[in-house]
Amino acid sequence: MSAAIETEGLSRRFGRRLAVDAVSMTVPERAVYGFLGRNGAGKTTTLKMVLGLIRPTAGVARVCGLDVARDRISAARKIGALLEAHGFYGNLTGRENLSLTATLLGLPAREIDRVLEVVEMTADANRKVSGYSLGMRQRLGLARAMLGAPPVLVLDEPTNGLDPDGIADMRRFLKSLPERTGATVLLSSHLLGEIEQTATHVGVVNDGRLVLEGELSRLKADLAPEIVMRTGDDARAVELLAGHDLIAVPSEAGLIAPLRAGDDVDQAAAALNRALVQAGIAVFAIGPRDRSLEDIYRRVAIPAQRQAEVA
């Protein structure tokens, strides 16, 4: 699969502070790529270099094979962007705001109708933006980013400030974009749950460094399996599992017991269930635990933070 966005050794210094440190990332075509990291990790600075808004101190960013720094205008035509600041005129309608951008880009009026339909805002297009909700402004920002049908969309925290309904609508919309429009989406966020429910691929950045990247389903599959159980006597269950060389950890979901990579989860659950019942411990529920993006993030980001603290 070809790369829609690719960076090699991308770095950026602000004075003595290294904000982005040799980031080499690959965003496949027609993927929804979740760029994940805590606030201040270097996500927005990386996006600005990909967009050509700031020049890298070192390294290169490519969009659709074009060097962003060298072929700035050609690369910019391949990207639509939604950053936190929308910059709309509140006294103009949504359609009029889009018309200003379309005119600058030399696009026909029918392009405005197309993007309004994609973001499902045709019915509200002739209302003044000052009367829009935050979710509507976000969708109008997406419509503006999609003018001219750029093959790549770069979105920085698109669910920021939205209410639960707005977040759900935005999630549904973003997931559908590659199939509906053929676009590749680079989505920056610090919200694990939103990335997990939206992205096909993820990259985790910590203190300016890319510490993990890959297809989300494969990253989950690479984690060692775990069994979760609810028993009538967790203290005795922990002792019994220790006899099976398993360290059970209490959690809100119940006792969690990590297995070894390659272990058959179903067979292990059945064997543990028999052992618990034979020991007279009631078993209310037992089975494999679904692995999450949080598991992946904690495995790579938390150790990196601890190493930084020690250094």
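1. Ground rules first. Residues are numbered from 1 along each chain as its sequence is written, and side-chain values use heavy atoms, with hydrogens and water left out. Since this is a predicted model, local features need pLDDT of at least 70 and side-chain atom pairs count only at pLDDT 80 or more, while totals for chains, interfaces and linings use all residues.

2. The largest pocket comes out at about 780 Å³. A pocket here is an open set of points on a 1 Å grid over the protein atoms alone, where a 1.4 Å probe fits, with protein on both sides within 12 Å along at least five of seven lines. Points are joined across faces, edges and corners, and the volume is the space filled by probe spheres set on them.

3. Its lining (residues with an atom within 4 Å of a point) has 28 residues, with A76, I79, G80, A81 and L105 nearest the centre. Two or more residues each come from α1 (43-51), α2 (72-76), β7 (79-82), α3 (94-105) and α5 (134-145). Helices (H or I, at least four residues) and strands (E, at least two) are DSSP runs, numbered from the N terminus. The largest share, 5 residues, belongs to α3.

4. Now the sheet: 4 strands, open, antiparallel, ordered β13-β14-β12-β15. Pairing takes at least two DSSP bridges between two strands. β13 (249-251) and β15 (283-288) each have a single partner strand, so one side of each lacks a neighbour in the sheet.

5. Inside that sheet, β12 (226-231) and β14 (254-258) pair over 4 bridges; M229 has L255 in β14 as its bridge partner.
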